[in-house]
Amino acid sequence: MLRNYFKSAWRGMLKNKTYSTLNILGLASGMAVALIIGLWVYYQFSFDKFLPEYKKVYQVKRNFYGNGDTATYGGTSLKLATALRNQIPEIQYVVETDGFGMHGLMAGEKKFYLSGGQVAHDFLKTFQFELLEGNSNSVLENPYSIVLTQSTAKALFGNEDPLNKVIRFDNKNDLKVTGVLKDIPSNSTLQFNYLVPFSYLESTDDWVKLARTRGFGWTNFMTFVKLKPGVSYDQVARKVKDLQKTETDNFMSMATNIILDPVENWHLYSQFEKGKAVGGFVEYVNIFTIVGILVLLIACINFINLTTARSEKRAKEVGVRKAIGSLRKQLIFQFLAESLLFTFIAFAFSLLIVQIVLPSFNNLTSADIRIPFDNYLFWLIALACVLLTGLLAGSRPAFYLSSFKAVKVLKGNIHAGKAAALPRKILVILQFSCSIALIISTFIIYQQIQYAKDRPTGYDKNRLMISDMNKDLGANFTAVRNELIEKGVAESVTTATASVSTGGNHRDVDYWQGKKPGESVNMGMITVSDDYFKTLGMKMKEGRDFNSPGDSVNVIFNEAAVKLLRLQNPLNQTITWADTKFTIIGIVKNSLMSSPFAPADPTIFYYDPKPQEVMMYRLTDHTKTKEAISRLSSIFNKYNPAYPYTYSFADENYAAKFKLEELIGKLSGLFSALAIFISCLGLLGLAAYTAEQRTKEIGVRKVLGATVSQLWILLTKDFIVLVLISCLIASPIAFYYMHEWLQRYDYRIKISPTVFLIAGLSAILITIITISFQAIKAALTNPVKSLRTE
């Protein structure tokens, strides 16, 4: 019997090729969207879960309580790491790191500037990345050792065995390769190209040696811990909470609680409020999960509408089957079998579509998503989803068609009236409401991005280049600067502890005029050298720039810092920071060094004539970029031969700050277009069916003198009314959710009624274009043909 159901369904599908094609194309498109979003969501949730015992691994963070607010920081001190190691027996491993920075690697003539970590020797026992060569218990024990990833080893040594080979590190010391790691998976939060023992950093950097002996306030490091087997988070969380409060004479330590942030939360839950992880990227993952379900629902609505719309053509079939003894449940099974056949064929096409578009999608989202054909769990979930989709899409047609009475059908008394059309209209409204809401959301996202892009940055990012400093470059900085200017490559050169596109480290200001008892203020601190404001194009509001070595006891505030400290007439006032008094000599206008969606970060600029960590230089107007890079490379290689010349452009760095929002905008636009496309497929089928059902009416109207335009209006007006109703439903829903989304940005647009008008008109225009082909085709049909008897 089941075989006959599918055979009958197959024949019916071949007989009605147009409707079958629309049904399969609509379902395949919806399932492809749902599948690709499902794979993307799975990829996002898979971050860091490939690590063995990942549930035992945490990052140590600090909750700082001040001024009625709580700020969460990832920076910790070496003293805290020592205390965790010595005072909390439930912790198996404690790992200190320097935060995974950039360093120079040189092997023979090959030189690279890559990111890597200087980590404690238990790092690979805590984060059990796969070692291809070496032993995790010993690879990081020798201070002068290095562990490379597979691709880094190949880049440095080709096909030679890298073990025991020597690498020059930062042109300072030789390190021996003791291990090779398999390349770090793309779904790892920690990304690096090599590992160097933290003991190397302690043995070669006097400042780090000093930091090990100092207090909890030296928070320039990152700390990770792994709990012992059988130990729960709650057992340890209570013990580490007040670990810093042993420094009773330190206000910061007394106002700080220590928390543990689980590795499984790092990627999706990076946003903290009141000391707890409350969200982050997971919010976007949830949004697109809903979008995937909605698009699949739209495709199912197409199937339901197109199938029930053709009910009259199948009414006689139902009547005959019932007359010869078919039970209603048998008819239900038959129609569900048809639905499942359509769904399985659509699923096969959806797999093909996904396989074709995945490379482009991965490129768009910077992901590494593949269809896991060899994973039985994937096929089980896919089978369950296909069955669910088939049953959902086929349930209403099955129950509706099987309900026809045999006597009425065979007498020809079954006609689809208003009552039969009403559910279809409701489903079309639901379908287009979802699509229009997605269109509105896409418009608002793009408006918000453009609004922030058009915001004045407070500095001139054009022709401004950035390069990291190192010891060799620092020693030759004066010669490099002079040659860049003398040869007309750059018009101005400076250095600072932070790039113009990253902002400075945050520190507490100890004292300022008007400070309230118990008040604490945390502000950005950037150390700058000569010509900093000139090079960056930042404008002084009042006061003066740094211009002499004596200015090392002076500071410059930006406008946001003045406002934060409530300073009246700030020039020549003094502040105390790090137990030293500084005089405010100038106020510079605000600039956007952090988020372009947030207010300018309150920042203090401190002067030190010595070269700092980052070099910034502005190209001259007359120099072409390609020519400038060639000349810059020659000059940098002359004075810094152990490192490759690396650079970035300030405008590109600024543009990268919009990466997440632009990704969300592109995905919203893509899925909105697909939702509209699927909706229009259904509309096209319904329009064709409507024209077919009203063939004789159209013929009569033409004989009586109706024009093509009048017939076009007759056939399209009902659909346009449905789309207008959809606009009225979608607009307040989209407004509510997009208003909530915009609240996360301090610098945001006001939602304009124009957005809803444009989205509505776009939907109506698309509807008219979709329907017009069938409407005009029907209107142009010769009435002689349409008025013939059957």
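Modeller: Welcome! This is a predicted model, in which local features need pLDDT of at least 70, side-chain atom pairs count only at pLDDT 80 or more, and totals for chains, interfaces and linings use all residues. Residues are numbered from 1 along each chain as its sequence is written, and side-chain values use heavy atoms, with hydrogens and water left out.

Biologist: Which residues of helix α17 are buried?

Modeller: Helix α17 spans residues 477-486; helices (H or I, at least four residues) and strands (E, at least two) are DSSP runs, numbered from the N terminus. Buried means under 20% relative accessible area, exposed over 50% and partly exposed in between, with a 1.4 Å probe and protein chains only. The residues of α17 that are buried are F477, V480, E483 and L484.

Biologist: How are the axes of α17 and α20 oriented, roughly parallel or roughly antiparallel?

Modeller: Axes are lines fitted to C-alpha atoms, for helices over the stretch in contact, and angles run from 0 to 180 degrees between N-to-C directions. The two axes come within 10 Å and cross at roughly 155 degrees. Angles under 35 degrees count as roughly parallel, over 145 as roughly antiparallel, 65 to 115 as roughly perpendicular and the rest as oblique. That makes α17 and α20 roughly antiparallel.

Biologist: Where is D48, and is it buried or exposed?

Modeller: D48 sits in the loop between α2 (17-45) and β1 (57-66). Contact means heavy atoms within 4.5 Å, and beyond residues up to four places away in sequence, D48 touches Y54, N187, S188, T189, L190, V263 and W266. Because its relative accessible area is 2%, D48 is buried.

Biologist: What separates the C-alpha atoms of G586 and N572?

Modeller: G586 belongs to strand β23 (residues 580-588), and counts as buried because its relative accessibility is 0%. G586 and N572 are 14 residues apart along the chain, and their C-alpha atoms are separated by 8.5 Å.
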